[in-house]
Amino acid sequence: MNKFFFYGTLRSIPILETVIGHKSDYLEFIPSFAPRSELRLVINEIFPVIVFNDSYEGVHGTLVKGLNGEDINRILFFEDVEFTPQQLDIEINGEIEQASYFSQQGVRPSDDPWSFDEWQQKDERLSVVTAELWMELYGKYSAEEADRYWNDVKQTALKKYQSELIKIG
């Protein structure tokens, strides 16, 4: 199935284009909703995980159609060993449709909610820098092998991001 429900950082066009390595103008983006879910900040990270419970209101996201095989391989690498594709029923204009989404595998959700809009204002640029550095490992390492470099990538990205701020400031 070549339909993915993105609920977190991959909803950001700059992040998605960094991950797939090119423009996304051939893709179809459809606002969608995952009922009985909410987003939580992953412990020690700035990205979310989706969690499910019948008492949760639901999560707005984006259904993306048209990703090619290489796009999906790059997204799988980006999601690393911590998330794995699963199937999910989502709502689009009141209709139910099934799509793939990335389910937590090796991450721990915090009790803190995660907001796409707040992340976009506060952390999107840092996340783009981090994604650029992370995706440099694509094709050189498997996701499992690259995982050991994650903390180094985050530290390097933060330094690069801070130096960008100094140049702008």
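S37 stands opposite F52, a residue of strand β4. Strands here are DSSP runs of E with at least two residues, helices are runs of H or I with at least four, and both are numbered from the N terminus. This is a predicted model, in which local features need pLDDT of at least 70 and side-chain atom pairs count only at pLDDT 80 or more, while totals for chains, interfaces and linings use all residues. Residues are numbered from 1 along each chain as its sequence is written, and side-chain values use heavy atoms, with hydrogens and water left out.

Back to the strands, then. Strand β3 (residues 37–42) runs antiparallel to β4, and the two are joined over five bridges; strands count as paired if DSSP finds at least two bridges between them. Within this pairing, L39 has I50 of β4 as its bridge partner. Strand β4 itself (residues 48–52) is mostly covered, with four of its five residues buried. Buried means under 20% relative accessible area, exposed means over 50%, and partly exposed is anything in between, using a 1.4 Å probe and protein chains only.

β3 and β4 form a hairpin with five residues between the strands. N44 sits in that loop, and its phi is near 65°, a positive value in a residue other than glycine. Most residues other than glycine have a negative phi. With a relative accessibility of 69%, N44 counts as exposed. Another loop, the one between β6 (83–92) and β7 (95–104), holds N93. For N93, phi is near 50°, again a positive value in a residue that is not glycine, and a relative accessibility of 79% makes N93 exposed.

P109 lies in strand β8 (residues 109–113). Its relative accessibility is 28%, so P109 counts as partly exposed. Setting aside neighbours within four places in sequence, P109 is in contact with R40, L41, V42, I43, V49, V51 and Q104, where contact means heavy atoms within 4.5 Å. The C-alpha atoms of P109 and I46 are separated by 11 Å, and these residues are 63 places apart along the chain.

Now for the helices. Six of the eight residues of α1 are buried, so this helix is largely enclosed by the rest of the structure. The buried ones are I15, L16, E17, T18, V19 and I20, and they pack against β1 (3–6), β2 (28–35), α2 and α3. Just after α1 comes G21, with a positive phi of about 85°.

The axes of α1 (residues 13–20) and α2 (residues 69–79) come within 8 Å and cross at roughly 105°. That makes α1 roughly perpendicular to α2; the label covers 65 to 115 degrees, with angles under 35 roughly parallel, over 145 roughly antiparallel and the rest oblique. On the α1 side, the contact is made by I15, L16, T18, V19 and I20, and on the α2 side by D71, R74, I75 and F78. These residues divide into six nonpolar, one polar and two charged. Here Ala, Val, Leu, Ile, Met, Phe, Trp, Tyr, Cys and Pro count as nonpolar, Asp, Glu, Lys and Arg as charged, and the others, Gly among them, as polar.

α2 also packs with α3 (residues 116–135), at an angle of about 110° and with the axes 10 Å apart. The two helices are therefore roughly perpendicular to each other. R74, F77 and F78 of α2 meet A131, W134 and M135 of α3, a contact of five nonpolar, no polar and one charged residues.

What about the interior? In the largest nonpolar core, with 52 residues, F5, F6, I75 and W134 touch the most other members. α3 gives the most to this core, with nine residues. A core is a set of buried Ala, Val, Leu, Ile, Met, Phe, Trp, Tyr and Cys residues joined through side-chain atoms within 4.5 Å. Not counting residues up to four places away in sequence, I75 touches F6, L10, L16, V19, I20, L67 and F102.

Note on methods: Axes fitted to C-alpha atoms, helices over the stretch in contact; angles between N-to-C directions.
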